[in-house]
Amino acid sequence: MIYTAATETIDLSVPMSFASYNSPFGTIYAAMQGTSLIAMSFCARADELRNLLERRFGDSLTLCLDSSALEPLFTLLERYFAGHVVEFNLPVKLYGTVFQQSVWKAVSEIPRGHVDTYAAIASKIGRRRACRAVATACGRNMVPVIIPCHRVVSSSGSTGGWSGGGGLSVKEGLLRLEGVNPKNLKSLIKL
């Protein structure tokens with residue numbers, strides 16, 4: 001992934017391209033601005049993606065249907081959902097605070113087939129007591145799967161939360177796809 005951390009606000013004068021992809025866990029809507037992926041979510045309808053983007057960036061954005069712009073992402077997702085190990089080597093621009101950026105960077109380093117806890121991520125970024133803030137930052141991740149917040153779980157062994165759309169069943173499905181049994185997380189957690 002060619003990751004660009006952006007703490008400034010998005011340029012709403014530049015239109016965003018969007019399109020949908022049918023995954024095994026439901027429809028994914030994704031949006032790009034220029035050549036950078038901005039957002040994706042497991043949504044039932046395009047207006048859910050628009051609502052997500054408006055909540056995050058404001059309501060004066062322009063979305064244009066353009067599946068060709070998102071074809072490189074959809075090709076990688078096809079391989080990922082077929083069970084291949086995929087390096088999402090496309091430009092991603094994530095808008096968030098310095099703290100959120102540090103969480104997303106740490107989460108992006110969790111390898112496929114592994115999990116880590118909110119508390120462990122907090123320790124890795126030097127903020128041991130900030131596990132709830134880590135969970136909140138995971139909830140603000142606009143590119144689930146690419147930044148694999150589904151690999152972050154509760155220290156209790158539960159799956160924790162999921163804000164990537166489609167409900168917790170999507171998080172559990174992604175974990176299963178990667179060879180992780182969501183019913184046996186406790187045994188995978190390094191304390």
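Contact, as used in this report, means heavy atoms within 4.5 Å. The structure is a predicted model, in which local features need pLDDT of at least 70 and side-chain atom pairs count only at pLDDT 80 or more, while totals for chains, interfaces and linings use all residues. Residues are numbered from 1 along each chain as its sequence is written, and side-chain values use heavy atoms, with hydrogens and water left out.

**Overall fold**

The protein has 6 helices and 8 strands. Helices (H or I, at least four residues) and strands (E, at least two) are DSSP runs, numbered from the N terminus. Read from that end, the order of elements is β-β-β-β-α-β-α-β-α-β-α-α-β-α. The radius of gyration is 16 Å, close to the 16 Å that the globule rule gives for 191 residues, so the protein is as compact as a globular protein of that length. This radius is taken over C-alpha atoms, and the rule is 2.2 Å times the number of residues to the power 0.38. Along the principal axes, the C-alpha atoms fill a box of roughly 45 × 35 × 25 Å.

Of the 191 residues, 49% are buried. Buried means under 20% relative accessible area, exposed over 50%, and partly exposed in between (1.4 Å probe, protein chains only). Among contacts between residues at least 6 apart in sequence, 63% join residues at least 24 apart.

**Helices H3 and H5**

Helix H3 (residues 98–108) packs against helix H5 (residues 131–139) at an angle of about 80°, and the two axes are 9 Å apart. Axes are lines fitted to C-alpha atoms, for helices over the stretch in contact, and angles run from 0 to 180 degrees between N-to-C directions. H3 and H5 are therefore roughly perpendicular to each other. Angles under 35 degrees count as roughly parallel, over 145 as roughly antiparallel, 65 to 115 as roughly perpendicular and the rest as oblique.

On the H3 side, the contact is made by Phe99, Gln100, Val103, Trp104 and Val107, and on the H5 side by Ala133, Val134, Ala137 and Cys138. These residues divide into 8 nonpolar, 1 polar and no charged. Here Ala, Val, Leu, Ile, Met, Phe, Trp, Tyr, Cys and Pro count as nonpolar, Asp, Glu, Lys and Arg as charged, and the others, Gly among them, as polar.

**Cysteines**

The whole structure contains 0 disulfides, a disulfide being a pair of cysteine sulfur atoms within 2.5 Å. Cys138 is in no disulfide, and its nearest cysteine sulfur, that of Cys149, is 3.6 Å away. Cys149 is likewise in no disulfide.

**Single residues**

The table lists the relative accessibility of some residues.

| Residue | Relative accessibility | Class |
|---|---|---|
| Cys138 | 7% | buried |
| Cys149 | 8% | buried |
| Val145 | 3% | buried |
| Glu178 | 6% | buried |
| Gly167 | 35% | partly exposed |

Val145 lies in the loop between H5 and E8. Val145 has a positive phi of about 80° although it is not a glycine.

Glu178 sits in the segment after H6. Not counting residues up to four places away in sequence, Glu178 touches Tyr80, Arg112, Gly113, His150 and Arg151.

Gly167 is placed in the loop between strand E8 (152–153) and helix H6 (168–177). Its C-alpha atom is separated by 25 Å from that of Ser102, and the two residues are 65 residues apart along the chain.
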